Amino acid sequence: MMPVDRLTTLEIRAAEQEKTIEELSGQIAEQWTAIERMQRKLDALTGRFMALEEQSAPDVPINKPPHW
């Protein structure tokens, strides 16, 4: 293989890798947005659940686990 061919091959690989990195970065950004949206929903549902628990058994204290 001639040096010019090697250089061209390396340039093609570098361009393909750059495109792949950009695509993966976009996917990570989309997934992070989805995770944040799901976390907000989970927080809201947790709050609703705790409120319902307190209404159904007002005399029983509800203790949140230490990690909340």
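The following legends describe close-up views of a predicted model.

**View 1. The protein chain holds one helix and zero strands.** Helices (H or I, at least four residues) and strands (E, at least two) are DSSP runs, numbered from the N terminus. Of the 68 residues in the protein chain, 3% are buried, where buried means under 20% relative accessible area, exposed over 50%, and partly exposed in between (1.4 Å probe, protein chains only). Residues are numbered from 1 along each chain as its sequence is written, and side-chain values use heavy atoms, with hydrogens and water left out. In this predicted model, local features need pLDDT of at least 70 and side-chain atom pairs count only at pLDDT 80 or more, whereas totals for chains, interfaces and linings use all residues.

View 2. Glutamate 23 is partly exposed at 43% relative accessibility, while lysine 19, with a relative accessible area of 53%, is exposed. The structure holds one salt bridge.

**View 3. Isoleucine 35 lies in helix H1.** With 42% relative accessibility, isoleucine 35 counts as partly exposed.

Note on methods:
Salt bridge = Lys/Arg side-chain N within 4 Å of Asp/Glu carboxyl O.
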